[in-house]
Amino acid sequence: QTVCVTGASGFIASWLVKLLLERDYTVRGTIRSPGTSQKSKHLLQLPGASDHLKLVSADLLEQGSFDQAVEGCDGVFHTASPAFEKNVTDPQAQLIDPAVKGTLNVLASCVKARTKKVVLTSSMAAVAYTPKRKSTSVVDESWWSDSDYCQEAKAWYYVSKTLAERAAWDFVKEKNLDMVVINPSMVLGPVLQGSKNTSSEIILDFLNGTMKVYPSIAFGIVGVKDVAMAHILAYESEHATGRYICSGPVHPFADVVSLLKKLYPMYDISAKVADETVPLIPSHNLSSQKLRDLGLHLLPTEDVIHETVTNFKEWGLLD
Ligand code: NDP
C-alpha cells in the first residue's frame, strides 16, 4: 500500500513515517522544502527509507499543492498544521488559515485522487474547551470545543484546531470521503529529528530551570509512539469511525511538577504555580475507551516522561 503523510518531518509525523515503513508501507511524505531541508535528514536515514520513502514538496496555503503527493495513494495521513505558539501576533495568518485552508486543500486533493481513507490529526484542543465542562465532567468524543469561547480567551491554537476539524467533517460529508480523526492531548516522548518540540520543550524547561511559574491547569499526556500507532490502527481497522481521543489520564500541572521532582531530584525544579487561574482549563476526566477498543494500550505517564527526559540527554539538550 502507498500512503501519504503530510508534514512528514514533524514530531508526530516522523514517528508515523517510521512505523509505516516498519509495516512495509510505501510512504510519500510532504515537507515544505525537500532536498534543502535539514528537517528531513532523519527521515531519509530511517530503515526502509531508501526504497520506500519519497519526499514531495507541498505547502498548506498553496491550492493544489498536495495533488502530486496524494495522487495514487491508497490513504492519506494529514498531520501538518502550525504548532502551538505562545506569541501569536496575527492568529488568522499564523494559525487559523494554515490549519483550516490547509486541511481543506489536502482533502480536495484526496477527492481528486479518489483516496480511499483519510486520517486527520486533530487535537483535544478541538474537543474539551467549552464552558460546559465541569471538574466532574468525563469528556468523550461527542464533545466539541467552543471556538467563540476559545477566541474570547485568545486561545488561538484551540480555535485553529476546532475550526479545522469542523471544516474537515463538513467537507468529507459533502464529498463522501472516508475519514477518521485522532484527537491527542499533550504529546511527549522521544524526538527523532534531534530538535525540541513545543510540547516536550515544557518538560525540558522545568528541568533546566527556565520555567519559573506554571498555570493552574490540567491536561492529559500521551506518548508520541502511541499517537503514531493510533493513526495506523485507525487507518487499518475497517471498523474505525469518527473521532478518537488519544490520551492518558488528565493531570493537574502541579502533579506533573511533583512527578518530575520525584523522578529527577538532581535538577533544581523551583517552578511555582501562577497566582491567576486560567478559566479555560479546569480539571476533568476523559475517556479513551474508544481508542483502547481499537487495541491500543497506552504507555503510562511516568514512562512517557522518562522516555522524554532520556531522549533530551541523548540529544545533549540536558546534562
Ligand atoms: P510539529 O510542529 O513537529 O509538526 C507540524 C508539521 O506541520 C511540521 O512538519 C510543519 O512543517 C508542518 N507545517 C506547519 N505549517 C505548514 C505549512 N504552512 N505548510 C506545510 N506544512 C506546514 O508538530 P507536532 O508533530 O506536534 O504536530 C502534528 C500534528 O499534531 C498537528 O496537527 C498538531 O496540531 C497535532 N497535535 C499535536 C500535539 C502535541 O502535543 N504536539 C497535541 C495534539 C495535536 P515545518 O517543519 O516546515 O514547519
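Trainee: How many helices and strands are in the protein chain?
Mentor: There are twelve helices and 14 strands, taken as DSSP runs numbered from the N terminus, with H or I over at least four residues for helices and E over at least two for strands. Keep in mind that this is a predicted model, where local features need pLDDT of at least 70, side-chain atom pairs count only at pLDDT 80 or more, and totals for chains, interfaces and linings use all residues. Residues are numbered from 1 along each chain as its sequence is written, and side-chain values use heavy atoms, with hydrogens and water left out.

Trainee: OK, where does Ala58 sit?
Mentor: Ala58 is in the loop between strand 3 (53–57) and helix 4 (67–70).

Trainee: And is Ala58 buried or exposed?
Mentor: Buried, because its relative accessibility is 6%; the cut-offs are under 20% for buried, over 50% for exposed and partly exposed in between, with a 1.4 Å probe and protein chains only.

Trainee: Which residues is Ala58 in contact with, leaving aside neighbours within four places in sequence?
Mentor: Thr30, Ile31, Arg32, Ser65 and Phe66, where contact means heavy atoms within 4.5 Å.

Trainee: Switching to the whole chain, what fraction of its residues count as buried?
Mentor: Of the 319 residues, 58% do.

Trainee: What about contacts between residues at least 6 apart in sequence?
Mentor: Among those, 79% join residues at least 24 apart.

Trainee: Last one: what does the C-alpha trace span along its principal axes?
Mentor: About 55 × 45 × 40 Å.
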